[in-house]
Amino acid sequence: MEAKIKQELLALIEKRELYAIKNILKESHPSDLAELFDDIQPEDSALLFRILPRELAHETFEYLDIKIQKELLRSLGHEKVAEVLNDMSDDDRTTLFEELPAPVVQQLLELLTDKERQIANTLLGYSQDSVGRMMTTEYLRTREYWPVSKALDHIRRYAYKVDNVDVIFVVGADKKLKDAIKIKDLLMASPEQTVKSLMREDLICLNAHDDRAFAVDIFKQYDKTTLPVVDSHNHLLGVVTVDDVLDVVVEEDTEDIQKFGGLEALNYPYLTTVSFELIRKRAGWLVILFLSEMLTASAMTHFQYELEKAIVLNLFVPLIISSGGNSGSQAATLVIRALALNEIGIRDWWKVVQKEVISGVILGVILGTLGFVRISLWASLFPGIYGTHWLLVATTVGVALIGIVLWGTLSGSMLPIVLKRLGFDPATSSAPFVATLVDVTGLIIYFTIAAIILKGTLL
């Protein structure tokens, strides 16, 4: 919605100019109206919702954020709530019910018609992350022996009940799914042809108990906008549309990004998550990472003798550990995304190792050379800054960077694969976790190399 129109509407709402508001809103798209509800108070939301034409109100309700939907349900009377819930699409209503306490859901189910209540109970009976939870029972179907003319008449009669009319599903007398036909094929066929003559029998379908992530992969692989959902006996139960799949993609990508950032995934949007919940989600990982970082202090204590004799080595510790952590985080990011897109699998671990060894060595040489040049340059510009053995110090830092960057890339790339092999979410191998792991081991590599190169001079 344009900013100018939104400001005008907000002013009219404040003045309670209901007739003027209704005239502006009746030509608006439901998604634009949903944005308006984000900027007004709950009491104004209820008022605005009541003056909308019935069909527009129900379409707008499905675009609203779950939090605003809850507020509206509390503000509207039972009759209006019943009207809204009965007119909602099955999948959107299920999503709303998932976010409400069980006693509230039970009360709302009583407001549904017998038919809608049966549908709602059926969908809620599927596991939360299953295809059954995201499907809708609103679809168009036909019989294989019907002529095309009858199928088109059927579509004209019942198309208003469904959101997507791109595909019509062919079912037998036993309600088993036979095929799915594009509406384009029906429109281009002769009216006397039978539906069976248009069937290609290359049907792709989902099972109601399939995981949502599997549905996303199928939509991507076959480039579909609508897919049928069947039970174990191939009875047609409903359909899943691409808009529902996009919601799943956004939700899962958001969850992975949050996990990779070093926190538990949030259940609600950032601004609607209460502070205590936000702290709880972040504190666990921070404590784990803090305790892990204490190993860094332990590692430095182990090399206390080297640090006392060659204090100059201490100057490059931040440089060393940050380079290893950064390279590890990069590798982990690449591998986690590749796993998510099914570009690689667990069996490809050796190919990943080969690729990361090459990358790690080359990146290590680049950073090692820069480190060597930087120390050499400073030593020539500021004589005595790194002592008389500055060349050996530069060599130590250069060689250590090669080893640490190589180790970082290998650790970052293998950790997600190992986690997936163990049945965990690869995204939990967060960037901070990889960095912490490489910090500790990087120090060991650094001081071990220093002990070898500087033996007999500084050590």
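**Strand pairing and helix packing in the predicted model**

Arginine 141 stands opposite phenylalanine 169, a residue of strand 2. The model is a predicted one, in which local features need pLDDT of at least 70 and side-chain atom pairs count only at pLDDT 80 or more, whereas totals for chains, interfaces and linings use all residues. Residues are numbered from 1 along each chain as its sequence is written, and side-chain values use heavy atoms, with hydrogens and water left out.

Strand 1 (residues 141-142) pairs with strand 2 in the parallel sense over 2 bridges, where two strands are taken to pair if DSSP finds at least two bridges between them; helices (H or I, at least four residues) and strands (E, at least two) are DSSP runs, numbered from the N terminus. On pairing between strand 2 and strand 3, the sense is antiparallel and 5 bridges are found, and valine 171 stands opposite leucine 177 in strand 3. Together, these 3 strands form an open sheet in the order 1-2-3, with mixed pairing, and the edge strands are strand 1 and strand 3 (177-182), each of which pairs on one side only.

Strand 2 (residues 167-171) is mostly covered, since 5 of its 5 residues are buried, a term that means under 20% relative accessible area, with exposed meaning over 50% and partly exposed in between (1.4 Å probe, protein chains only). In a regular strand the side chains alternate between the two faces of the sheet. In strand 2 both faces are covered, with Val167, Phe169 and Val171 buried on one side and Ile168 and Val170 buried on the other.

A further open sheet of 3 strands has the order 4-5-6, and its pairing is mixed. Strand 4 (206-207) and strand 6 (236-241) stand at the edges, each with a single partner strand, so one side of each is left without a neighbour in the sheet. Strand 4 pairs with strand 5 (residues 226-230) in the parallel sense over 2 bridges, and the bridge partner of leucine 206 in strand 5 is valine 229.

Turning to the helices, the axes of helix 3 (residues 30-37) and helix 5 (residues 54-63) come within 8 Å and cross at roughly 65°, the axes being lines fitted to C-alpha atoms, for helices over the stretch in contact, and the angles running from 0 to 180 degrees between N-to-C directions. Helix 3 is therefore roughly perpendicular to helix 5, given that angles of 65 to 115 degrees count as roughly perpendicular, those under 35 as roughly parallel, those over 145 as roughly antiparallel and the rest as oblique. In this contact (heavy atoms within 4.5 Å), Pro30, Ser31, Leu33, Ala34 and Phe37 of helix 3 meet Leu56, Glu59, Thr60 and Tyr63 of helix 5. The residues of the contact divide into 6 nonpolar, 2 polar and 1 charged, where Ala, Val, Leu, Ile, Met, Phe, Trp, Tyr, Cys and Pro count as nonpolar, Asp, Glu, Lys and Arg as charged, and the others, Gly among them, as polar.

Helix 19 and helix 20 (residues 390-421) pack with their axes 7 Å apart, at an angle of about 155°, which means that helix 19 is roughly antiparallel to helix 20. By class, their contact has 23 nonpolar, 9 polar and 1 charged residues. Valine 373 has its place in helix 19 (residues 349-381) and is partly exposed, with a relative accessible area of 47%. The C-alpha atoms of valine 373 and alanine 394 are separated by 7.8 Å, although the two residues are 21 residues apart along the chain.
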